[in-house]
Amino acid sequence: MTDKGIDKRLQAYRIYKRFIRILLTICGCSYSSTKSKSTNYSVYVLLMMILYAILNVHMCYFHRHNLPIMMKCIGITISTFGAILKVGTFLTNHNYLTSHHEMLDDLFEEELVRNEKIRMIMFLSLPTTCFLAFTYSAIIIACMLAFYMPTYLLIIHDLCHLNLRTANYTLPVTKGYGYFWTVPNNFLYYFHLLYETNTISFSCLTACGMDSAFGFYVYQFSSTMRAMTFRIMNPPPTEKFSDVLKACVVKHQKLLPYRDMLEHMYGPIVFWHIVTNAVLLCALIYEMSSSVRGYNNAERNVKYSR
């Protein structure tokens with residue numbers, strides 16, 4: 001790999017790191033050392049997610065006699081509880097995460113500036129990691145926009161024609177039927193629309209941020225270990241092998257608590273995804289089978305009517 005290629009990989013790494021930090025900041029899971037501001041915002045996001053989860057649970061009860069719609073509500077509810085788990089896990093481990101993140105970042109940067117060979121080895125898995133993170137985030141954000149953008153496009157269309165009747169707009173999640181009260185047909189309708197938009201955005205961006213951050217942390221950890229392995233296998237002629245080995249052992253001991261931190265934070269999250277993905281898969285299969293059954297019944301009715 002040429003120097004120009006390495007510089008491009010370094011630039012890509014900086015962009016990737018900045019992207020992860022922006023996502024984590026938006027969803028209230030920033031690892032900034034300024035605890036007061038980040039914690040207050042995280043509590044706000046957590047409260048929004050809790051209210052959103054209560055709303056979704058009520059929607060499940062409201063549509064209990066319509067199983068396909070109820071299964072959709074159950075899927076949204078499971079995703080919301082997943083976001084609550086992620087933000088809550090971050091809040092309870094904020095200091096632990098911040099200190100270990102700074103330590104891992106320093107160790108990674110220390111290995112990164114040693115020489116070009118080590119830098120090339122550390123950047124081997126960067127394209128794959130970046131591709132997965134950006135693709136996953138793009139799909140989630142595209143689905144999120146497709147979920148609530150039609151309502152805003154209709155509002156923009158009506159604004160262009162000086163028509164602001166709220167009856168023309170549909171709330172993206174509840175459709176106006178999931179609240180504990182009747183949604184008023186006045187300016188408060190827009191408040192409900194903004195509330196649902198914010199909660200959908202927080203839920204989706206929390207999934208993007210926390211899931212992509214796991215890949216980022218694993219990349220930093222594995223790349224640092226790969227660089228240490230290369231140093232042991234190819235010790236520089238200006239240093240003694242015993243000194244290199246001792247430095248790598250010390251650095252390895254520093255990395256072990258970070259491994260424990262990843263297991264402690266992401267263990268419950270991974271377990272939650274394993275359990276709930278099975279439920280979501282069953283819900284999707286049932287929804288698809290119901291749609292196919294409804295289509296077949298409609299086609300059969302058309303034939304009989306002829």
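Student: Are Y13 and F123 buried or exposed?

Tutor: Y13 is buried, and F123 is buried too. Buried means under 20% relative accessible area, exposed means over 50%, and partly exposed is in between (1.4 Å probe, protein chains only). This is a predicted model, where local features need pLDDT of at least 70, side-chain atom pairs count only at pLDDT 80 or more, and totals for chains, interfaces and linings use all residues. Residues are numbered from 1 along each chain as its sequence is written, and side-chain values use heavy atoms, leaving out hydrogens and water.

Student: How many aromatic pairs are there in the whole structure?

Tutor: The search finds 14. Rings of Phe, Tyr and Trp (its six-membered ring) pair if their centres lie within 6.5 Å; planes under 30 degrees apart are stacked, over 60 edge-to-face, and the rest tilted.

Student: Why is the pair of Y13 and F123 called tilted?

Tutor: Their centres are 6.4 Å apart and their planes stand at 40°, so the pair is tilted.

Student: And what makes F216 and Y217 a tilted pair?

Tutor: Here the centres are 6.0 Å apart and the planes are at 55°, so this pair is tilted as well.

Student: How do you know that F216 is buried?

Tutor: Its relative accessible area is 0%, so F216 is buried. Y217, at 2%, also counts as buried.

Student: Which cluster do ring pairs form?

Tutor: They link several residues into a cluster, including Y13, F123, F216 and Y217.

Student: Why does I50 count as partly exposed?

Tutor: Its relative accessibility is 34%, so I50 counts as partly exposed.
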